[in-house]
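Here is a short tour of one model, written to be read with the viewer open. Please have a look at the sequence and the fold, then read on.

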Amino acid sequence: MNSSLVFCIFCFTTLYLKICLADPDNLQDACPAAPTGKDNIFINGLPCKNPANITASDFKTSKLKNAGDTDNFLRFSMILVTAFDFPGLNTLGLSVARTDIDVDGIVPPHSHPRASEILFVFEGVVIAGFIDTNSKVFQKVLKAGDVFVFPKGLLHFCFNSGFDSSIVFSVLSSQNPGVISINDAMFQPDFNVINKLVRKFISLSADNHIPNVTFQSFNNP
């Protein structure tokens, strides 16, 4: 086969795959979600409202205004708002969250398989970090006004290291980020386990590596 023809086929195939795999751009200014009320419709996202019925209220939410209930084992609460609750987010590839963390509270290691996360500290002092695929830990002490980024799909965590409750807000780069948590599988209702987890993160070795990212060692004395 002629080498030029082979090259043309390769370029066409590459371009075709790139077009097919890319996220499509919006074809209109906005697409606030419209509830269907029918369980037999399955689409990758939500249907749009009739443009004639779109209002400014579709682009506002007050769901992150109030603090969540931190009276629980881990002493934190997270409120995640997606297009299902905030119509104006539909098709924008975004969701937002508020996390309240009581003194000594911890958001245990978890990941979002479909989203990166930008974390903004509104009040308090927290330690936030993530673990890459080489088991290297990247963590920082964050104060009000600081911003930290969790790359897509990587385990990350956050805990209150101050003397007052903390509030953090997050923006995630997916309309439906998903959550994979090791909390239910790894931790028993024992405050000693949580205390050991916090101590291990604070006292990481100088090279900032955790030998086992499954965190099974946290269950050992």
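Thr91 is partly exposed, with a relative accessibility of 34%; here buried means under 20% relative accessible area, exposed over 50%, and partly exposed in between (1.4 Å probe, protein chains only). Thr91 sits in the loop between strand 1 and strand 2 (95-101), and its phi is positive, about 75°, although it is not a glycine. Helices (H or I, at least four residues) and strands (E, at least two) are DSSP runs, numbered from the N terminus.

Asp104 is another non-glycine residue with a positive phi, near 70°. You will find Asp104 in the loop between strand 2 and strand 3, where it is exposed at 53% relative accessible area.

## About the model

This is a predicted model, in which local features need pLDDT of at least 70 and side-chain atom pairs count only at pLDDT 80 or more, while totals for chains, interfaces and linings use all residues. Residues are numbered from 1 along each chain as its sequence is written, and side-chain values use heavy atoms, with hydrogens and water left out.

## A buried loop residue

Leu74 belongs to the loop between helix 1 (3-21) and strand 1 (76-81). It is buried, with a relative accessible area of 8%. Leu74 and Ile101 are 27 residues apart in sequence, and their C-alpha atoms are 8.7 Å apart in space.

Strands count as paired if DSSP finds at least two bridges between them. Strand 3 pairs antiparallel with strand 8 (residues 155-160) over three bridges, and Ile106 stands opposite Phe159 there. Strand 3 also runs antiparallel to strand 10 (residues 180-181), joined by two bridges; His110 has Ser181 as its bridge partner in strand 10.

## Nonpolar cores

A nonpolar core is a set of buried Ala, Val, Leu, Ile, Met, Phe, Trp, Tyr and Cys residues joined through side-chain atoms within 4.5 Å. The largest one has 23 residues, and Val126 and Leu142 have the most contacts inside it. Elements giving two or more residues to this core include strand 3, strand 4 (117-123) and strand 6 (137-143). Strand 5 gives the most, with five residues.

Beyond its neighbours within four places in sequence, Leu142 is in contact (heavy atoms within 4.5 Å) with Leu119, Val121, Gly124, Val125, Val126, Ala128 and Phe148. Another core lies apart, with eight residues, among them Leu46, Leu64, Val81 and Phe86.
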